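Please keep the model open while you go through these notes. Take the points in order and find each residue as it comes up.

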Amino acid sequence: DVAARILNEGYDVEVIEVDAVLERERWLELREQGIGGSDASAIIGVNQYASPLQVWLSKTHRRLGVPYGSDDAYLGAPSQAAYWGTKLEDAVASGFADHTGMDVIDLKAMLVQHGDHAPRVVNVDRCVYDVGVEAWVPLEIKTASAHIGSEWDDGPAGHAYTQVHHYDLTLRTGVAWICALIGGNDFRFMRVNIDRAFQDDLAAIENS
């Protein structure tokens with residue numbers, strides 16, 4: 001699987017099994033170990049739900065002694081949007097498999113990569129087997145309201161595009177898939193070839 005392949009290639013990656021009923025406090029602790037995909041999109045300013053300052057607060061509030069309230073207070077994600085996005089994830093993944101005929105799996109693991117860079121957290125929604133590269137690659141799943149559907153007219157929205165480039169800093173598959181359910185009835189999916197120049201710039205910003 002993807003996790004085994006990474007370990008076999010010698011990357012300094014910690015693989016943490018993520019159970020469906022993982023306590024939220026534990027999940028937050030794991031996420032705070034490094035920069036995740038949503039964090040990356042916020043840091044470069046393409047995440048409408050979070051700013052670089054909010055990411056900093058979400059990573060440091062425990063160390064600063066700030067009482068922990070809700071995650072939304074730090075990341076700014078609308079709780080209802082996040083709730084329904086999570087609830088619909090299985091359905092959208094199933095729809096992707098139906099439309100493409102591709103095998104889809106849930107990795108059920110969070111990857112934390114250390115090294116001579118900012119620690120990275122990889123928590124992919126699903127993985128799909130891409131015959132073009134003969135490897136399991138990330139599948140990023142999004143749900144969006146119709147009024148922001150135009151963000152997807154020319155390809156993946158900026159936050160999703162950034163997320164898969166962040167994941168590839170660890171996975172190094174060179175390819176990712178993104179699918180989005182927009183307005184509840186507009187289903188789109190796309191294959192993304194990793195842009196190494198963009199990815200290098202992203203890594204430099206994450207490490208700064």
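1. Start with Trp177. This is a predicted model. Trp177 has a relative accessibility of 12%. The cut-off for buried is under 20%, so Trp177 counts as buried.

2. Now look at the ring partner of Trp177. The structure holds five aromatic pairs. One of them joins Phe96 and Trp177. Their ring centres are 5.7 Å apart, and the planes stand at 70 degrees, which makes the pair edge-to-face. Phe96 sits in helix H6 and Trp177 in strand E7 (residues 175-182). The two residues are 81 positions apart, so this pair links distant parts of the chain.

3. Is Phe96 buried or exposed? Phe96 is buried, because its relative accessibility is 0%. Phe96 also pairs with Phe189. Here the centres lie 5.8 Å apart and the planes are at 85 degrees, so this pair is edge-to-face too. Again distant parts of the chain are linked: Phe96 is in helix H6, Phe189 is in strand E8 (residues 186-193), and 93 residues separate them. Phe189 is partly exposed, at 34% relative accessibility.

4. Phe96, Trp177, Phe187 and Phe189 make up one aromatic cluster.

5. Phe189 has another residue to check against it. Gly155 lies in the loop between E6 and H7. In sequence, Gly155 and Phe189 are 34 residues apart. In space, their C-alpha atoms are 9.0 Å apart. Gly155 has a relative accessible area of 17%, so Gly155 is buried.

6. Asp153 forms a salt bridge with Arg188, and the closest N and O atoms are 3.2 Å apart. Arg188 is partly exposed, with a relative accessible area of 22%.

7. How many salt bridges are there? The count comes to nine. Among them is the one between the side chains of Glu89 and Arg126, at 2.7 Å from N to O. Glu89 belongs to helix H6 and Arg126 to strand E5 (residues 126-130). They are 37 residues apart, another link between distant parts of the chain.

8. Arg126 also forms a salt bridge with Asp90. The closest N and O atoms in that pair are 2.3 Å apart. Compare the two ends. Arg126 is buried, at 6% relative accessibility. Asp90 is exposed, with a relative accessible area of 54%.

9. Do not stop at single pairs. Glu89, Asp90, Asp106, Lys108 and Arg126 are linked in a network of salt bridges.

10. Stay with helix H6, which spans residues 79-100. Trp84 is found there. Tyr83, Trp84 and Leu88 form a nonpolar patch on the surface. Together they have about 310 Å² of accessible area. Trp84 itself is partly exposed, with a relative accessible area of 48%.

11. Last, turn to helix H8 (residues 196-207). H8 has 12 residues. From its first C-alpha to its last, H8 reaches 16 Å, close to the 16 Å expected at 1.5 Å a residue.

12. Which residues of H8 are buried? They are Gln199, Leu202, Ala203 and Glu206. Looking down the axis of H8, these buried residues fall within an arc of 100 degrees, so they line one face of the helix. An α-helix has 3.6 residues a turn, so residues three or four places apart point the same way. On the other side of H8, Ala197, Asp200 and Asp201 are exposed.

Terms used. Residues numbered from 1 in each chain as written. Predicted model: local features only at pLDDT ≥ 70, side-chain atom pairs only at ≥ 80, totals over all residues. Heavy atoms only, no water. Patch = residues over 30% accessible without salt bridge, like charges linked within 9 Å, V, L, I, M, F, W, Y side chains within 5 Å. Areas by Shrake-Rupley, 256 points an atom, 1.4 Å probe, with all protein chains shown as cover. Salt bridge = Lys/Arg side-chain N within 4 Å of Asp/Glu carboxyl O. Helix = DSSP H or I, 4+ residues; strand = E, 2+ residues; numbered from the N terminus. Buried < 20%, exposed > 50% of the residue type's maximum accessible area, 1.4 Å probe, protein only. Phe/Tyr/Trp six-rings, centres within 6.5 Å; stacked < 30°, edge-to-face > 60°. Expected span 1.5 Å × (residues − 1). Arc of directions from axis to C-beta.
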